[in-house]
Amino acid sequence: MKKKPTRREVLGHAARGATLLGLGGVGAALVTKTHKVMGWQLDPAKCVNSRLGATGVEVCELCSTECVEPLSAVRAVNEFSKCGRCYICPAYFNIKSAINEEGLPSEKLCPRDAIERKPIGWIDPYDPANNFYEYTIDETKCNGCGRCVMACKEPAGLSSIRLEVRYDACLDCNRCSIAIACPDDAYDLVPVEPA
Amino acid sequence: MSFPRSRISVLAFIVFLTMPLAAAFAQQLEYERPVQAAPTEESIGEGYVTPKVQYPKPRSLWWEITDVVLLAAALGLGAWIVLVRRSRRGIVVLTIACLAYFGFFREGCVCPIGSIQNVIVALVDPNYAMPYVVIAIFLLPLVAALFFGRVFCGGVCPLGGIQELVLLKPIEVPRRLDRALGALKYVYLALAIWFAVQPAVDRDFIICRFDPFVGLFRWAGPAHMLMIGAALLLLGFFIGRPYCRYLCPYGVLLSWVSRISWTGVTITPDNELDCGLCAEACPYGAIEKMRAVRSSCLSCARCYHSCPRHRVVFEGMQEEAVSES
């Protein structure tokens, strides 16, 4: 025979049921807010490193230093369709460094050696200055400091490099610490394509 | 050869010629761009194909689903260990596993404590988009608390876990001081809500910003937060879980819900000895009058471990062995 529940038990069940309903209600209210997935992204039109007409400004490098991750989620990206494939790429070489015996600047600009340079297309070994060179950024090394972005700005370069947030590396902080530090307010939450 | 290519050649040749001169005179290169526009696939030649731009990879939803599944599993496992097995050792193993995964591997994000703010923002701001994962992460520990008490605190929460593991020499906090400090978490919750309901420009997520242990999980962060985290851990050697008991805003919600939980930690295994060893063993002051207080019990299972009757009933120890010790 089933024991008759005490008043205490009945009240307990009622309270639990009510709380469960309340939590369900909150959940349902929240589900209506899930219309899109948002992620932090940087607007190249606002960023001082990539914005045109802002030459002679110090590279800010905050994208590489302010992220909460040890290796920032920001990467430099080379838009190949805009890249001039220069013999002496101002973003690859430190063009102020001494010239070596090959007639090329002896130092690279990238502090982490994240850019790879290789000749492409029709190659004339006796005329290296006339060949085209492809510059690929290694995303496992790049930390988004933006020096290459700055150096590739017109008129020295064709502004083919920009900075972007990598969503798979981004922790999606409620308040992005780079966004707080960014002097140009170039960071914003934008809709992200789900996987 | 097409016209642009030859013009490029001439320009480049001039640059090439001037290079040794520049090197000789100034050891600095006057760089002049040989190309005024990006070369096309045809001008590059040899069947060159422009490679695809490295577009941002989509967010991997996979990890987030894994987080939710593991959180649910850990809550279920924690409830079973505490309420059925009553095993302190089991809880320690679960704590270490969850600290390793949710803390050090997933770097303390996403967590239910911070999700309070997202929930509040989503409820007041019509433009705010709420990820499904965060809803699940927010609700799961509350539902678990409604049935089994604060099992999330006991073995799953990485912030609690790191404090649980450093608690080596617990001292009792005077009850009155304990109560007074306990009021801080309500203030913290109120502040978190206040900053979350601000319009988007002034909004702040203080729970995340002043999360004391996330810096340790990531091994990076502002120096002052790392120092506060280290100080709380040092304090945690002697005072059981200072963050959980006096600051955690999610703990407020969990204590409300667990007050009416369906079941929870009950110390008595069979016949009670009235020895008070359990109350002495509880570093969180959650045993009053020999009974676990559900709203403040953190499901750590220390009381079971200290109970002589419990060893007889649950660990198969012989009665003689107990009376000898």
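Author: Let us start with B:R309, which lies in helix α18 of chain B, the helix that covers residues 308–314. Please keep in mind throughout that this is a predicted model.

Reader: Is B:R309 buried or exposed?

Author: B:R309 is buried, because 21 other C-beta atoms lie within 10 Å and the cut-off for calling a residue buried is 20 or more.

Reader: And how far apart in space are B:R309 and B:A223?

Author: Their C-alpha atoms are 48 Å apart, with a separation in sequence of 86 residues.

Reader: Let me pick on α5 of chain B, then. How does the distance between its end C-alpha atoms fit with what its 13 residues should span?

Author: Helix α5 runs over residues 112–124 of chain B, and at 1.5 Å a residue it should span 18 Å, so the 19 Å between its end C-alpha atoms agrees with that expectation.

Reader: How many of the residues in α5(B) are buried?

Author: The helix is mostly covered, with 10 of its 13 residues buried; among them are B:P112, B:I113, B:G114, B:Q117 and B:N118.

Reader: What do those buried residues pack against?

Author: The buried residues of α5(B) pack against α1 of chain A, and within chain B against α6, α8, α10, α11 and α15.

Reader: Since α15 of chain B came up, why would you call it largely enclosed?

Author: Helix α15 of chain B, residues 249–258, has 7 buried residues out of 10, so the rest of the structure largely encloses it. Those buried residues include B:P249, B:Y250, B:L254 and B:V257.

Reader: Switching topic to the largest nonpolar core, which residues touch the most other members?

Author: The core has 116 residues, and those touching the most other members are A:A91 and A:C148 from chain A, together with B:L75, B:V151, B:F152, B:V156 and B:C303 from chain B. Helix α6 of chain B, residues 132–148, gives the most to this core, with 11 residues.

Reader: Take B:V151 from that list; what does it touch?

Author: Leaving aside residues up to four places away in sequence, B:V151 touches B:L75, B:G78, B:A79, B:V82, B:A144, B:V156 and B:S299.

Reader: Now the contact between the chains: how many residues does it take from each?

Author: It takes 60 residues from chain A and 60 residues from chain B. On the side of chain A that touches chain B, α1, β1 and β5 each supply at least two residues, and α1(A) gives the most, with 10 residues. By class, that side of chain A has 34 nonpolar, 12 polar and 14 charged residues.

Reader: Last topic, chain A by itself: how do its elements run from the N terminus on?

Author: The order is α-β-α-β-β-β-α-β-α-β, which comes to 4 helices and 6 strands.

Reader: And what radius of gyration does chain A have, against a compact globule of 195 residues?

Author: Chain A has 26 Å, whereas a compact globule of 195 residues would have a value near 16 Å. Along the principal axes, its C-alpha atoms fill a box of roughly 100 × 35 × 25 Å.

Notes: Residues are numbered from 1 along each chain as its sequence is written. Chains are lettered from A and ligands numbered from 1 in the order in which they are written. This is a predicted model: local features need pLDDT of at least 70, side-chain atom pairs count only at pLDDT 80 or more; totals for chains, interfaces and linings use all residues. A nonpolar core is a set of buried Ala, Val, Leu, Ile, Met, Phe, Trp, Tyr and Cys residues joined through C-beta atoms within 7 Å. A residue is buried if 20 or more other C-beta atoms lie within 10 Å of its own, exposed if 12 or fewer, and partly exposed in between; C-beta atoms are placed from the backbone. Two residues are in contact if their C-beta atoms, placed from the backbone, lie within 7 Å. Ala, Val, Leu, Ile, Met, Phe, Trp, Tyr, Cys and Pro count as nonpolar, Asp, Glu, Lys and Arg as charged, and the others, Gly among them, as polar. The radius of gyration is taken over C-alpha atoms; the globule rule is 2.2 Å times the number of residues to the power 0.38. The expected span of a helix is 1.5 Å times one less than its number of residues.
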